[in-house]
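Me: I'd like to learn how to read this one feature by feature. Can you walk me through it?

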Protein chains: 2
Amino acid sequence: MATINDISKMVGVSKATVSRAINGTGQVSKETKKAIFEAMDALNFRPNSLAQALATNKSNSIGIVLSDFDGNYFGRLLKQASQTAEKTGKQLIVTDGHNCAKREKEAIHFLADRKCDVIILYTRKMSVSDIISLKRSISTPIVNVGRDLPASAGYTVGFDHTHAAQIAITHLIDLGHKDIIYIGPEPTTPTTRLRFQAFEEKLEQHQLVAQDRHIICPDFTVYGGYDACQQLLKVKVPFSAIFAASDDIAIGVMKALSDAGIKVPEDVSVVGIDNQEKSAFVTPSLTTVELPIKAMTLHAMQIAQELAEGKQVTNGSKLFTGELIVRHSATPPNT
Amino acid sequence: MATINDISKMVGVSKATVSRAINGTGQVSKETKKAIFEAMDALNFRPNSLAQALATNKSNSIGIVLSDFDGNYFGRLLKQASQTAEKTGKQLIVTDGHNCAKREKEAIHFLADRKCDVIILYTRKMSVSDIISLKRSISTPIVNVGRDLPASAGYTVGFDHTHAAQIAITHLIDLGHKDIIYIGPEPTTPTTRLRFQAFEEKLEQHQLVAQDRHIICPDFTVYGGYDACQQLLKVKVPFSAIFAASDDIAIGVMKALSDAGIKVPEDVSVVGIDNQEKSAFVTPSLTTVELPIKAMTLHAMQIAQELAEGKQVTNGSKLFTGELIVRHSATPPNT
DNA sequence: CTGAAAGCGCTTACAG
DNA sequence: CTGAAAGCGCTTACAG
């Protein structure tokens, strides 16, 4: 690998001059500039970005830590993030939190250690105080995505999970359903807690039975939904509608129902949350709540961008809300 | 940020000793080691990994470049890669090739410039000669994933796309179908070309009409499949089966069919390629070909691992083959 | 077991 | 417009 020294020797100038030519900082005469670029080509020179970063204390890259590499919307988030990053000429470094608070923290440190200009943090497991203290311990600016965090956690682009769950359930109630089941993971993380609480509250508010209406599935996957629904069919509690904590779960649920000879929506209505691409293509198409992950990511990247350039942030933290997408998986109950 | 100097001053030893204590290289007495660790804690010291990498010329990380951040199996690939990486204590740096040869190259350079120990390359757009010359121009070892490349391209964990397409089509032919349509992207990339060629050859081999049987869809998505199938329904060519170039396309196709009142598999059979998670959960469940992306990634990571440690590679390049997964979307034609 | 010194490949005041 | 020198924060022979 050729270094700046090689090319400085070849051209017969100091490496300071070479550096200036490369970066376009300071004045360099046309002729020497030309000679330098030719030498760079000849030697196939590429600046060592590690050395650059060490010297300047920044790396021209944006770090992302994702709580997990297979959540149902991490693909959309990544896609959007990488598109915006490309426009700004910054590289994106993506890192896995392995769905565990400890790993999430490590990933953040990894990124901070590499002097990323800014870190986009999509965490599910870290507690609010974790986030706040971590934020304090590193100098890299952080922008949180996905959760609704207090101002002390720094910039955050959140989603109103409570509201999303409410409109889904309200839809079912408005259709006339009285026996509604919730299928979703145990309410142990902020997100799962919010969704489940919204469920219970809405039911109670409408004087419907809210107790023992929660069938737990291990995760947010189709498999989880499928198994949980089979479980539900065994216990023989009466129900006419199911609220699934995610579209994936809902799709698993619908499959289990169909395998058991139960028709959706004629016999049982199902609604989900997420509005994944595939949800429009299953049969029946799924009624769900749009989670605007692309718009959220875009917003987060704009903040990140401004932060990276040391600019004033024009549009700071924001809370996004969902929207009900009515399709064909939920109808009035069969009476 | 505390540096190694701060802690060397605090303890009263040279920074060489501190470095040895941190890395566990060389001898350091118990007492000084203890003092050093205490000081590290007190000052909340984290070694600057940029400086470490610059000094040692390695970074203890594995780089991945993905041709695109929304291909249909990049999620599974990433998940598996990050799981293996975690076990080995290496960090994973993921980078987007933006579905374009130029960007793919840039991404590789980015990773090489950061001194990744090894690069996993999943490219769709770069030509074989591109890959070979790029491989020559950087010193970082590369392991290719997904395509079947010549030995001169270095280690490669490939998939036999021709064989996969063949078994899918043969399945349809064996069921008795004579009028088969191919729905997939234009054969412009290595993968799309292979799949389409296999289709044409098999048809000709069985003396079936192979001309004008290709309905083009813009990409590998459900939307693409949906639109292309609507196209197909307009042109009124007779057909009893559809071979879709991916599961996503197949799912879009089935939806278009069902929207048009055509029953799968009673009226039309459909098969895909990929065996995505959701394919078992659509109705009817999709007959497809398993693409063992997890196993392939695991294999690639093992090579990467050995390369990174400078070990001899025990199991080198390998070509994986698909397996037919028979479910409910394809049956004998209705005669 | 420990230290002084050189080096990794850049950048950036400072001086001219 | 250009160069000499110090510095970024580490590691690693070498010498003791």
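**Reading the model**

Reply: Let's start with the overall layout: taken over C-alpha atoms, the centres of domain 1 of chain A and domain 3 of chain A are separated by 64 Å. Keep in mind that this is a predicted model, where local features need pLDDT of at least 70, side-chain atom pairs count only at pLDDT 80 or more, and totals for chains, interfaces and linings use all residues. Residues are numbered from 1 along each chain as its sequence is written, chains are lettered from A and ligands numbered from 1 in the order in which they are written, and side-chain values use heavy atoms, with hydrogens and water left out.

Me: Which residues make up domain 1, domain 2 and domain 3 of chain A?

Reply: Domain bounds come from an automatic or database domain assignment. Here the assignment gives domain 1 as 4-43, domain 2 as 60-159 + 293-321 and domain 3 as 161-291.

Me: Now the sheets. What is the strand order in the open sheet of chain A?

Reply: Strands of a sheet pair through backbone hydrogen bonds, either parallel or antiparallel. Strands here are DSSP runs (E, at least two residues), helices are runs of H or I with at least four residues, and both are numbered from the N terminus. Two strands pair if DSSP finds at least two bridges between them. In chain A, four strands line up as β7-β6-β8-β9, with parallel pairing. β7 (214-216) and β9 of chain A stand at the edges with a single partner strand each, so one side of each has no neighbour in the sheet. From one strand to the next, the twist averages 20 degrees. Axes are lines fitted to C-alpha atoms (for helices, over the stretch in contact), and angles run from 0 to 180 degrees between N-to-C directions.

Me: How many bridges join β6 to β8 in chain A?

Reply: Four bridges join β6 (residues 180-184) to β8 (residues 241-244), and the two run parallel. A:Ile180, for instance, stands opposite A:Ala241 in β8(A).

Me: And which strands does helix α8 of chain A lie across?

Reply: Contact means heavy atoms within 4.5 Å. α8 (residues 161-175) of chain A lies across β6, β8 and β9 of chain A, running at about 175 degrees to β8(A). α11(A) also packs on the sheet, touching β6, β8 and β9 of chain A, and its direction makes about 160 degrees with that of β9(A).

Me: What is the strand order in the open sheet of chain B?

Reply: The four strands there run β7-β6-β8-β9, with parallel pairing. Three bridges join β6 (residues 180-184) of chain B to β7(B), and B:Ile183 has B:Ile215 as its bridge partner in β7(B). Helix α9 (residues 190-205) of chain B lies across β6, β7 and β8 of chain B, at about 175 degrees to β6(B).

Me: On to the DNA. Which residues come nearest to DNA strand C?

Reply: A residue is near a strand if one of its heavy atoms lies within 4 Å of it. Of the 27 residues around DNA strand C, the nearest are A:Ile4, A:Lys15, A:Ser19, B:Thr17 and B:Arg20.

Me: Which polar atom of B:Arg20 lies 2.3 Å from a base oxygen of DNA strand C, side-chain or backbone?

Reply: A polar contact is a pair of N or O atoms within 3.5 Å; within protein, one must be able to donate a hydrogen and the other to accept it, and residues adjacent in sequence count only if both atoms are side-chain atoms. For B:Arg20 it is a side-chain atom. A:Arg20 also uses a polar side-chain atom, 3.2 Å from a base nitrogen of DNA strand C, while A:Ala51 has a backbone N or O atom 3.5 Å from a base nitrogen.

Me: Which residues come nearest to DNA strand D?

Reply: Among the nearest are A:Arg20, B:Ile4 and B:Lys15. A polar backbone atom of B:Ile4 is 2.5 Å from a phosphate oxygen of DNA strand D, and a backbone N or O atom of B:Asn48 lies 2.9 Å from a phosphate oxygen. α2(B) gives the most to this surface, with five residues.

Me: Last one: where is the cis peptide bond of A:Pro265?

Reply: The cis bond joins A:Val264 and A:Pro265, with omega about 5 degrees. A:Pro265 lies in the loop between α11 (247-259) and β9 (269-271) of chain A.
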